[in-house]
Amino acid sequence: MPIKPEQLAALMREVEQEDPIDFADLPFAEEDLRELVAAHLCEMAASMENFSTEDRLMTLLAVSAKLVLENMVLHIQLLRRHGLPVGENVEALLGRLRKGNAG
């Protein structure tokens with residue numbers, strides 16, 4: 001039985017308790033944004049109903065990885081724009097990437 005957008009939005013709220021999202025001063029209601037994303041992802045999952053379990057998992061992992069990467073890039077850009085240092089974890093990751101590109 002496929003997950004419904006309302007169920008996914010509820011799960012998103014649970015995850016956000018551990019790692020809250022800073023919506024700052026966006027001119028949108030947090031719940032509206034959450035519901036929009038939940039509906040989009042449920043539509044995406046429904047469109048994969050003919051995929052094998054492995055293909056569905058790989059697709060969802062690829063989408064998740066892309067979103068994490070995009071979030072990290074936007075976070076670093078925001079910090080740099082405001083002249084703030086990036087955290088130790090991000091700095092260590094960037095250092096590893098620089099070493100990999102230097103070789």
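In counting charges, Lys and Arg are taken as positive and Asp and Glu as negative, while His and the chain ends are not counted. The place of a charge is NZ of Lys, CZ of Arg, CG of Asp or CD of Glu. On this basis, the mean positions of the 10 positive and 18 negative charges of the protein chain lie 9 Å apart.

The model is predicted: local features need pLDDT of at least 70 and side-chain atom pairs count only at pLDDT 80 or more, whereas totals for chains, interfaces and linings use all residues. Residues are numbered from 1 along each chain as its sequence is written, and side-chain values use heavy atoms, with hydrogens and water left out.

**Overall form**

- The protein chain has four helices and zero strands, where helices (H or I, at least four residues) and strands (E, at least two) are DSSP runs numbered from the N terminus.
- Along the sequence, the pattern reads α-α-α-α.
- The radius of gyration of the protein chain is 17 Å, whereas a compact globule of 103 residues would have one near 13 Å; the value is taken over C-alpha atoms, and the globule rule is 2.2 Å times the number of residues to the power 0.38.
- The C-alpha trace spans about 45 × 40 × 20 Å along its principal axes.

**Surface and contacts**

- The protein chain exposes about 8,700 Å², of which carbon and sulfur atoms supply 60%; accessible areas come from the Shrake-Rupley method with a 1.4 Å probe, and for residues only the protein chains shown count as cover.
- Of the 103 residues, 14% are buried (buried means under 20% relative accessible area, exposed over 50%, partly exposed in between, with a 1.4 Å probe and protein chains only).
- Among contacts (heavy atoms within 4.5 Å) between residues at least 6 apart in sequence, 32% join residues at least 24 apart.

- Glu-16 lies in helix α1 (residues 5–18), and Glu-16 counts as buried because its relative accessibility is 14%.
- Beyond its neighbours within four places in sequence, Glu-16 is in contact with Ile-21, Phe-23 and Arg-34.
- Ala-24 is found in the loop between α1 and α2 (30–47), and its relative accessible area of 64% makes Ala-24 exposed.
- Ala-24 and Ser-64 are 40 residues apart in sequence, and their C-alpha atoms are 23 Å apart in space.

**Helix α3**

- Helix α3 (residues 53–81) has 29 residues and should span 42 Å at 1.5 Å a residue, which agrees with the 42 Å between its end C-alpha atoms; the expected span is 1.5 Å times one less than the number of residues.
- Just after α3, Gly-83 takes a positive phi of about 65°.
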